Amino acid sequence: MAIIKVQKQLFGTNGVRGIAGKDMTPELALNIGKALGTMRPGKIAVGRDTRTTGPVLINALKAGLLATGCDVIDCGILPTPALQYIVKEHYDCGAMITASHNPPEYNGVKIIEPDGTEMGDEEIILLEDLLSDKTVPFKSWDLVGTEVSAPHLVDEYIHAIASRFPEKPGKGMTVVVDPGSGPACHTTPAILQALGCRVITINGVMDGTFPGRLPEPSPEGLKGLAALVLANNAAFGVAHDGDADRAVFVDNNGVFVEENQEFALFAQYICQNATGTIVTPVSTSLLIEMIAETAGCTVTYTPVGSIYVARKMRELIETGNTVIFGGEGNGGLIFPDHQFCRDGGMTAATLVLLLATSDKSFSSLLSALPQRRMIKEKIKTPYGLQLIEQLNKKYAQESVDHTDGLKLKRNRTWALIRASGTEPLVRVMVDAEDSKTGLALFEEIENSVSEILKKISH
Ligand code: MG
């Protein structure tokens, strides 16, 4: 798969992001609206998460879209996957004002294609070219677009998920939801209630100051969720990031579930009922491959980023392959029968059915999975690309993969070294069967990196 990430100037793997008012300004939102309206004229659905700067940016974005003659459907506050579903079902394009898991001062834009996927690299480059084009015309009074408010459309998303499941699989099950004061306050509890669950919420009131916890669902931030799970004897607790495309869990013992384990458990469940390919980035634990192998399924790897996973899934299906599941080891799971994007609400709903059809608790299912150890570190350096070039030479005789950065594979242990596209740093990940093996490979990589960096900087 060709990666042209380096050519993108503003957009990262999941849209434009920055500190609101500093990098992510109303002017930029206006220009994105004008560029998008020029590139994808038609009916465009927009929405936002709960951030305090959302109204500022969405109004600027809408002004740009209307000025270029687009009709705007404002879906209000809703999860990104809900807007993706709405666009896929009804509209020509979409734009979501969100900074996903970033802290409250951030905001950004994700562009959604007619099929509900996030806009790919090639189209983003065209969009960025239009951003700097000062000649984009402002339509005359009789050709500017119209705007309608459509906050009710989010109900279609809730219904679309709930109707995929058998009648009330969650009957008798208590679950705790932590939407983190984000847009899933109005969706995930409703979906789980429709499945028959008794739902308790924490951080369940929309609030862009995020008084309960930060938009990134970390083990530290989910202590309140864990306590409620234990106090209520709940089957699980679920938490979302700031735009609810990801879902992470605490088990029935209140223990945070590592996201690769989450992905593996879902994969195991899906492989019970279907055979085919699972698509995931090269950064996902080998655990997923072990689960797939046992079930007679295969794994296809992509560069890091959910957009690459979603597009690979579509590409494989279009060429006659059976793709049963996709996702990342960060709680971003893609259910291809539903839609080709990460969906936190769908993920939570699927766990209800998974547990309802098992005679074991969430924690016992998790502890039955093979155990792996993952190490993740960042190394600060402005020489990321040169460093990887030198590492490629050093490890040329070994089993390596260049899907994204450098992945060094030794038996059932691997290391991944990637240069960040937006910051002066490289990310190092090691995935191993045990801590000792993992640490040994990590230290080896660390030493190679410092040796090479010494040479480069002299
Ligand atoms: Mg997100």
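Mentor: Strands β9 and β10 form a hairpin with 6 residues between them, strands being DSSP runs of E with at least two residues, numbered from the N terminus. In the turn, alanine 244 has a positive phi of about 60°. This is a predicted model, in which local features need pLDDT of at least 70 and side-chain atom pairs count only at pLDDT 80 or more, while totals for chains, interfaces and linings use all residues. Residues are numbered from 1 along each chain as its sequence is written, and side-chain values use heavy atoms, with hydrogens and water left out.

The two strands run antiparallel, and 4 bridges join β9 (residues 236-240) to β10; pairing requires that DSSP finds at least two bridges between two strands. Glycine 237 has valine 250 of β10 as its bridge partner. Strand β10 (residues 247-250) is covered on both faces: Ala247 and Phe249 are buried on one side, and Val248 and Val250 on the other. Buried here means under 20% relative accessible area, with a 1.4 Å probe and protein chains only.

Elsewhere, 6 strands form an open sheet of mixed pairing, in the order β1-β5-β4-β2-β3-β6. Strands β1 (16-19) and β6 (147-149) stand at the edges with a single partner strand each, so one side of each is left without a neighbour in the sheet. For β6, that pairing is with β3 (residues 71-77), in the parallel sense over 3 bridges. Here isoleucine 73 has valine 148 of β6 as its bridge partner.

How values were computed
Buried < 20%, exposed > 50% of the residue type's maximum accessible area, 1.4 Å probe, protein only.
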